[in-house]
Amino acid sequence: MSAQSVHKISKPFLYRLIKDNKVGYFLGSCHYIPLSFFSEEFFKIIQNCQNFVGESSGTPPVTREVLEKVGAIITSSNKEEHWFESLDDLTRIYLNHIFQSRSSCLIKEMALKEATFPLAFLIYKMCAQQKIGMDQQIEELFPRTHIYGLETIAESLPLMLPEIAVPSLMEWQEQLYTCIYSGKGILDESSREFIVNYQNGIITVETDLFRKDGGLISRNYNWMKVWHKYFADLDTPLFCVGAAHIFGEHGILNLLLQADYYIEYPFGLPLPRCELINYAEQ
């Protein structure tokens, strides 16, 4: 998937934002897709932007104190967790490699066996996104002094961890085993399916993400608290968040429209076709 794409994405989920005579851009990204998938027109737009605003870009690593507070570290009160010891040697080695190479958002002093089961597998699911994702590659185009975050990792973890249900964790573990023993690489089938859908202008989201107490909606509203200030203060900002955050009543586009932004598609074409699969707000 990280190879040069034959079918270039010519109509990405990229929007021009206009308010109070200022202009910025908003990109709904697929974290797994490298920039080689995009057309030259896309590059021209993002290279004209002066500042990058990502979900948690440029924020410091999470401290041990924060991880303990949100229940992400095995402490004396939850020592009954034995998930790490139950893994076979090969899986343990693989997860340790992922943890050491891709968990830059966490303190370096922390060992994988100290992480709770949900945190360990959240890192596994995020690994492919961080390894080849367009968000990181776009961010690297900007000077470090021009990179900003809508939240810190410490703010997002308490919202992300509670929404990971036990069945999902079991499914992720099975996907990990499949990746390890099949030699297919780190992307599981659901991730590959998301990539193909995204290329065709389709956003797939899980219904649970749209619960009123779900992490997706909460994060959208939290982001708005700083979004407007960044837009007002920064020259030609490019906001980049996961595409699942875009649509619906509580989606970023609707929240921006409510805040009197004018939104248009910057390529002189109709807006990209979008279908929300399994979408429901409860």
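These legends describe close-up views of a predicted model.

**View 1. The six-stranded sheet.**
Six strands form an open sheet in the order β4-β3-β6-β2-β1-β7, and their pairing is mixed. The edge positions belong to β4 and β7; each has a single partner strand, so one side of each has no neighbour in the sheet. From one strand to the next, the twist averages 25 degrees.

**View 2. The pairing of β1 with β2.**
Strand β2 covers residues 22-29 and pairs with β1 in the antiparallel sense. Six bridges join β1 and β2. In one of the residue pairs, Leu14 has Leu27 in β2 as its bridge partner.

**View 3. The largest nonpolar core.**
The largest nonpolar core has 52 residues. Which of them touch the most other members? They are Phe26, Phe38, Ile138, Tyr198, Trp227 and Leu238. Helix α9, made of residues 215-233, gives the most to this core, with five residues. A separate core of 34 residues lies apart from the largest one, and its members include Val62, Phe117, Leu119 and Leu169.

**View 4. The surroundings of Ile138.**
Ile138 is one of the residues that touch the most other members of the largest nonpolar core. When neighbours within four places in sequence are left aside, Ile138 is in contact with Leu27, Leu35, Phe42, Ile46, Phe52 and Leu238. Leu27 is also the bridge partner of Leu14.

**View 5. Leu176 in helix α7.**
Leu176 belongs to helix α7, which runs over residues 166-182. Is Leu176 buried or exposed? Its relative accessible area is 0%, so Leu176 is buried. Apart from neighbours within four places in sequence, its contacts are Thr91, Tyr94, Leu95, Phe121 and Tyr124. Leu176 and Asp188 are 12 residues apart in sequence, and their C-alpha atoms are 7.8 Å apart in space.

**View 6. The salt bridge between Glu264 and Arg16.**
Side chains of opposite charge can pair when their charged atoms come close. The structure holds five salt bridges. In one of them, Glu264 pairs with Arg16, and the closest N and O atoms are 2.5 Å apart.

**View 7. The salt bridge between Glu114 and Arg64.**
Glu114 and Arg64 meet through their side chains in a salt bridge, with 3.1 Å from N to O. Glu114 is in the loop between α3 (89-102) and α4 (117-132), while Arg64 is in helix α2 (residues 64-69). This pair links distant parts of the chain, 50 residues apart. Glu114 is partly exposed at a relative accessible area of 23%, and Arg64 is partly exposed at 24% relative accessibility.

A salt bridge joins the side chains of Glu151 and Arg219, with 2.5 Å from N to O. Glu151 lies in the loop between β4 (147-149) and α6 (153-160), and Arg219 lies in helix α9. The two residues are 68 residues apart and link distant parts of the chain. Are Glu151 and Arg219 buried or exposed? Both are buried. Which residues are linked in a network of salt bridges? Glu55, Glu151 and Arg219 are linked in this way.

Terms used. Residues numbered from 1 in each chain as written. Predicted model: local features only at pLDDT ≥ 70, side-chain atom pairs only at ≥ 80, totals over all residues. Heavy atoms only, no water. Core = buried A, V, L, I, M, F, W, Y, C linked by side-chain atoms within 4.5 Å. Buried < 20%, exposed > 50% of the residue type's maximum accessible area, 1.4 Å probe, protein only. Helix = DSSP H or I, 4+ residues; strand = E, 2+ residues; numbered from the N terminus. Contact = heavy atoms within 4.5 Å. Salt bridge = Lys/Arg side-chain N within 4 Å of Asp/Glu carboxyl O. Pairing = 2+ DSSP bridges. Axes fitted to C-alpha atoms, helices over the stretch in contact; angles between N-to-C directions.
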